[in-house]
Amino acid sequence: MKKNLVLFILFILPIVAYLFFASGVNNFAKLPMLTKNIPDIKSWSTANGEHVTLNDKITILGFIGNDVEKHKGGFFNLYEKIYARNKDFKDFQMVMVLPEGTQEKVAKLQESLKKLGPQTNWYFVFAQPEQIQSFYNAMHLVGKLDEQLGTPNVYIIDKKRNLRGRNGQNKKGEEEYQEGYNTFKVSDLYNNMIDDVKVILAEYRLALKVNNKANRKI
């Protein structure tokens, strides 16, 4: 009994506390699920022919559309506020979806991003316009893609391909719903998304600790 209590204090309690404090203003110990089991994108590929899956990854998912240059500022914000803070988490990835034919534009963008640092586990995948629209519709979002098949918002997808976000009361007692995070607004990334990514990462760290403890008992 004492041994279990010591293990709880040493390993589980600190992560529970982290989940509580990391939840900031969103008031959620676990980030709410907005859409369950969205489709995978493993049939789409990068410019190098690499296939990417949403399975077993915490994914920041974006839709850039044809006007890549328009989103350049958002990419820099996203890199600095979200990617740079979480790139060392082995199950974390960034996936940006674009229509076929934008590969050259993306190559130029990636050259610009190199000034900020490495782009490990940051993928740009390409698909036909109708495939992108169909996939986006399957996420059941309130927001819509623009005429170029893009949006400034990015979305948090968990390891089971569930869309996660805010849905309920914040710490001020106000109802809030947030399905995406605007990359053009540093305040949205800094005040909301950083916080929400911390919550979902801490959630998986807690699950890992619990599973490891269970395995040691077997």
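Select Asp146: this residue is partly exposed, with a relative accessible area of 23%. Here buried means under 20% relative accessible area, exposed over 50%, and partly exposed in between (1.4 Å probe, protein chains only). The model is predicted: local features need pLDDT of at least 70, side-chain atom pairs count only at pLDDT 80 or more, and totals for chains, interfaces and linings use all residues. Numbering runs from 1 along each chain as its sequence is written, and side-chain values use heavy atoms, with hydrogens and water left out.

A salt bridge here is a side-chain nitrogen of Lys or Arg within 4 Å of a carboxyl oxygen of Asp or Glu. Helices (H or I, at least four residues) and strands (E, at least two) are DSSP runs, numbered from the N terminus. The structure holds nine salt bridges.

Next, select Asp91 and Lys159. Their side chains form a salt bridge at 2.8 Å, N to O. This pair links distant parts of the chain too: Asp91 is in the loop between helix 2 and strand 3 (92-99), Lys159 in the loop between strand 5 and strand 6 (163-164), 68 residues apart. Both Asp91 and Lys159 are buried.

Move to Arg164 and Asp158. Their closest N and O atoms are 2.6 Å apart, in a salt bridge. Arg164 and Asp158 are both buried.

Last stop: Arg166, Glu176, Asp195 and Asp196. Salt bridges with shared partners join these residues into one network.
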